[in-house]
Amino acid sequence: MKNRLTKILNSNTMVGVGPMSINSINATIDLAKYSKLPLMLIPSRRQIDRNEGYVGNFNSIKFSNYLKNKKNIILCRDHGGPWQNNYEVENNLNIKKAMLSAKKSFETDIDSGFEIIHVDPSIDINNKLNIEIILDRIFELVEHCWHYSKKKKKKILFEIGTEEQNGLLETFENYEYAFSKLNKFFLSNKIPNPIFFVVQFGTKVMEDKNIGKFNKITNFSELKDKNKEFLRIINFLRKNKIFTKIHNVDYLSDRHLSFLKMCKVGAINVAPEFGVVETRSFIKILKDNNLDELLKNFLDLSYKSKKWKKWVINKNKISKFKCSELSGHYVFSSKEFKKIKNEANKYLIKRNIDMDGIMYSSVKNSILRYLKRFSLL
């Protein structure tokens with residue numbers, strides 16, 4: 001598997017799609033059939049985990065079974081690590097229990113056929129992190145996953161690095177130091193080096209925009225000039241046969257995506273954008289058909305979920321409607337949403353309006369933009 005992926009990544013940027021809903025999953029499956037190269041589905045532990053998740057009422061095993069025999073799909077765990085799901089945070093688990101819970105999650109992933117495991121211990125709800133603590137936790141989790149996969153005769157690859165922009169890995173020297181420690185660990189334990197290393201590149205998603213410093217650069221020559229450090233990191237990793245992964249690529253312009261392609265970034269992750277796009281599609285259907293009471297019920301349901309809180313820049317400068325747009329996809333699998341959707345469908349079917357078809361198309365077109373930009377179709 002690694003040889004095949006390495007061959008692809010040497011000349012292409014791969015795309016990781018966050019499974020924000022059933023429609024986004026199905027759209028990815030359908031696009032993968034026609035794609036020249038594999039697509040990655042990248043559920044976080046909050047989206048789909050061994051015992052919980054908000055997407056499609058899936059757990060890890062059910063999700064894997066849903067994808068069985070689907071062509072050109074690589075199943076990847078995104079952000080595996082302690083406190084990366086709601087249960088561990090809400091129950092205020094200590095580090096020992098949170099690590100144990102994370103290990104059990106990884107075991108289920110491996111049993112379920114996840115091929116790429118992202119080890120990300122960048123969250124600690126009790127203490128401040130530093131690079132040494134993060135590396136020690138990476139070593140512990142990687143070693144556990146590797147031994148478990150060997151025991152179960154499963155082949156896995158690793159993605160290493162943090163999404164959190166905590167300032168720990170921002171300079172070439174910091175990446176070089178982290179890599180030297182990682183390389184020594186992987187070598188001494190006879191574990192193949194990671195396929196991906198997550199690199200901070202000034203991409204950050206809040207609300208429905210990318211507010212990172214990268215997206216604020218508008219001049220192409222300025223892009224090259226201000227990202228010399230980044231290019232240095234990419235080249236350093238490639239020399240060591242590891243590929244760069246950029247998270248939080250949502251909402252970037254085509255021009256900025258083209259720059260990432262030019263830089264030979266190994267892979268990108270996109271997720272919340274697809275949830276917002278589909279939510280807006282649902283809202284538009286209700287608005288266009290004057291289903292005002294159902295629209296109000298949906299907006300209230302979404303707002304009361306409070307899932308918008310993590311995405312808001314300034315809670316005093318955002319409308320309730322906007323908050324509902326940001327968190328709508330979180331409630332798609334709830335009984336309350338299904339009731340609203342069924343009521344709407346009773347009206348729409350009589351008018352030959354295919355609600356699911358419209359919502360599916362909206363998210364498919366959003367994913368399609370990234371595939372076209374990286375010449376994957």
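## A buried salt bridge: Asp124 and Arg137

Asp124 and Arg137 are both buried, where buried means under 20% relative accessible area, exposed over 50% and partly exposed in between, with a 1.4 Å probe and protein chains only. The two residues form a salt bridge whose closest N and O atoms are 2.9 Å apart; a salt bridge is a side-chain nitrogen of Lys or Arg within 4 Å of a carboxyl oxygen of Asp or Glu. The pair links distant parts of the chain, 13 residues apart: Asp124 lies in the loop between strand E4 (116-119) and helix H6 (131-151), and Arg137 in helix H6. Helices (H or I, at least four residues) and strands (E, at least two) are DSSP runs, numbered from the N terminus.

This is a predicted model, in which local features need pLDDT of at least 70 and side-chain atom pairs count only at pLDDT 80 or more, while totals for chains, interfaces and linings use all residues. Residues are numbered from 1 along each chain as its sequence is written, and side-chain values use heavy atoms, with hydrogens and water left out.

## Further salt bridges

The whole structure contains 21 salt bridges. In one of them, the side chains of Glu159 and Lys245 meet at 2.8 Å, N to O. This pair joins strand E5 (residues 157-160), which holds Glu159, to strand E9 (residues 243-246), which holds Lys245, across 86 residues of the chain. Both Glu159 and Lys245 are buried.

Lys320 and Asp300 form a salt bridge at 3.3 Å, N to O. Lys320 belongs to helix H14 (residues 320-327) and Asp300 to helix H13 (residues 292-304), 20 residues apart. Lys320 is partly exposed, with a relative accessible area of 45%, whereas Asp300 is buried at 18%. A network of salt bridges links Glu207, Asp208, Lys209, Arg280, Lys322 and Glu325.

## Packing of H13 with H15

The axes of H13 and helix H15 (residues 335-350) come within 10 Å and cross at roughly 165°. Axes are lines fitted to C-alpha atoms, for helices over the stretch in contact, and angles run from 0 to 180 degrees between N-to-C directions. H13 and H15 are therefore roughly antiparallel to each other; angles over 145 degrees count as roughly antiparallel, under 35 as roughly parallel, 65 to 115 as roughly perpendicular and the rest as oblique.

Leu294, Asn297, Phe298 and Leu301 in H13 are in contact (heavy atoms within 4.5 Å) with Glu336, Phe337, Ile340, Glu343 and Ala344 in H15. By class, the contact of H13 with H15 has 6 nonpolar, 1 polar and 2 charged residues. Ala, Val, Leu, Ile, Met, Phe, Trp, Tyr, Cys and Pro count as nonpolar, Asp, Glu, Lys and Arg as charged, and the others, Gly among them, as polar.

## Packing of H7 with H10

Helix H7 (residues 172-188) packs against helix H10 (residues 228-239) at an angle of about 20°, with the axes 9 Å apart. H7 is thus roughly parallel to H10. On the H7 side, Phe172, Glu173, Tyr175, Glu176 and Phe179 meet Glu229, Arg232, Ile233, Phe236 and Leu237 of H10. This contact has 6 nonpolar, no polar and 4 charged residues.

Asn235 is also found in helix H10 and is partly exposed at 44% relative accessibility.

## Surroundings of Ser366

Ser366 is placed in helix H16 (residues 355-373). At 9% relative accessibility, Ser366 counts as buried. Apart from neighbours within four places in sequence, Ser366 is in contact with Glu273, Phe274 and Val277.
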